[in-house]
Amino acid sequence: MTTTPLVLLTGLDADAMASVMMALQWDAPRAVTVRHTIDVEAQRLTRLVSDVDGVVEHVHVDLDHACVGCALREDVMPTLERLADDGRWGSIIAHLPVASGAEQVCAILMHDQVLSAKLHVSSVLAVVSGPTARDDVLGDDLLRERRLHTSVDDTRGVAEVQAAQVEYADAVVVVGDVDGTDRHLLEMLMRPGARDVIDHLALDTAAIVGGRRPHEDAEAWVDPSHAAPVGLVESGGAWTVELTSDRPFHPERLMANLEALGGGARRSRGCFWLPTRHDQVCEWDGAGGQLSVGPCQHGSTEPHTRLLVTGIDDDRDELVATFTACLLTDAELAERGAIWESREDGFEPWLGPTRQPA
């Protein structure tokens, strides 16, 4: 059975996303576009559906709680299914709400047999504004400060969102001029094998619409506990270094060095473990000087320590030394082992209470 190809657009710049959407619409065969926007203050979702002949639908939907999850459940997914059922169009280009990701849509289509019989994700594109690319990936602005938040309680940083969109994408589409170092920075964040940064005026629409997204590869790349080796990658002033060990972090030294490891104008992500939490994989997610840690919700359950850090600064050697200094030493392992009994380790606000060995 033939399924309708679906292209998902993510990004932070609404104008840039609209430019990419229109470029794809004109070149894709029998394409329909659907653009969703969230007005947090008005608690309203707007849906705009159009094709080459003009506007098909322009609808406002009042939401009890304006957020991406509610928008997906109440309108985005039902609309995509309805457009696929209509029969007038051969492809769908979906402009997702600004500052939202494509992960939930992809997950739903992977696990919903009814929907997956009608739709398949051909590509996920991360749209980036070239002139602001560096600030959007490494800066310390909050979404709220730019009025890009998707709900009243959205406290995310701009860099956290844009970096995650780039990492999950099959290609990055840049609108406007981009600095050479910034282009390499974007490539460093992308999935190996998908490191394609494209000017929006040079889109290969046939390839974008005609492909099929390698869902398993994409999910593995963004999995915090993913362990495929990366090593050190350098390109045009940008770099990614893999910091890995089978040893846990020392709780006190890690706490003292959180800023050095996860702060500054860098992107860092991965997982770690602590001797006080020997059976818990902990997630690490840092961007633009903001860092969050918490229990890893999925992926490997085998404790290990692995951080991928991307930057454009000259302090990589210092970063590696700090990482090594935070790990348990040979003497500490010989004296106390890798499993410690402790009522508190300082990470309770983020990881919950310690669990004592039986």
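Which residues is L80 in contact with, leaving aside its neighbours within four places in sequence? I looked this up and found L6, V34, I92, A94, V105 and L119. Contact here means heavy atoms within 4.5 Å.

**Ground rules.** I note that this is a predicted model, where local features need pLDDT of at least 70 and side-chain atom pairs count only at pLDDT 80 or more, while totals for chains, interfaces and linings use all residues. Residues are numbered from 1 along each chain as its sequence is written, and side-chain values use heavy atoms, with hydrogens and water left out.

Buried means under 20% relative accessible area, exposed over 50%, and partly exposed in between, with a 1.4 Å probe and protein chains only. This core has 32 residues, and L6, L8, L80, I92, V105 and L109 have the most contacts inside it. I found at least two of its residues in each of β1 (4–11), β2 (31–39), β3 (44–51), α2 (68–86), β5 (91–95), α3 and β6 (119–129). Helices (H or I, at least four residues) and strands (E, at least two) are DSSP runs, numbered from the N terminus. The largest share of this core comes from α2, with eight residues. I also noted a second, separate core of 26 residues, which includes V98, L143, L203 and V209.

**Entry on Q25.** I moved to helix α1 (residues 14–27), where Q25 lies. Q25 counts as buried because its relative accessibility is 7%. I looked for polar contacts next (a pair of N or O atoms within 3.5 Å; within protein, one must be able to donate a hydrogen and the other to accept it, and residues adjacent in sequence count only if both atoms are side-chain atoms). The side chain of Q25 has a polar atom 3.3 Å from the backbone oxygen of S50, and this side chain also reaches the backbone oxygen of D51 at 3.3 Å. Not counting residues up to four places away in sequence, Q25 touches A31, T33, S50, D51, V52 and I93.

**Entry on T150.** Is T150 buried or exposed? T150 counts as buried, because its relative accessibility is 6%. I found T150 in the loop between α5 (133–138) and α6. The side chains of T150 and R156 are joined by a polar contact of 3.4 Å.

**Entry on α6.** This helix is mostly covered, with nine of its eleven residues buried. I picked out V166 in α6, which is buried because its relative accessible area is 0%. Beyond its neighbours within four places in sequence, V166 is in contact with A126, V128, V172, L186, L189 and M190.

**Entry on open space.** On a 1 Å grid over the protein atoms alone, a cavity is a set of points where a 1.4 Å probe fits but cannot get out, and a pocket is an open set with protein on both sides within 12 Å along at least five of seven lines; lining residues have an atom within 4 Å of a point. The largest pocket has a volume of about 850 Å³. I found 31 residues lining this pocket, with E103, A164, V222, E283 and D285 nearest its centre. The largest share of this lining, six residues, comes from α6. By class, the lining has eleven nonpolar, ten polar and ten charged residues. Ala, Val, Leu, Ile, Met, Phe, Trp, Tyr, Cys and Pro count as nonpolar, Asp, Glu, Lys and Arg as charged, and the others, Gly among them, as polar.

How many cavities of 30 Å³ or more does the count give? I noted one. The largest cavity holds about 60 Å³ of space. Its lining is made up of E167, M188, L189, W221, T240, R267, R269, L308 and T310.

**Last entry, P214.** I found P214 in the loop between α8 (205–210) and α9. P214 counts as partly exposed because its relative accessibility is 31%. Leaving aside neighbours within four places in sequence, P214 is in contact with D170 and R191.

Note on methods: Points joined across faces, edges and corners; volume = space filled by probe spheres on them. Core = buried A, V, L, I, M, F, W, Y, C linked by side-chain atoms within 4.5 Å.
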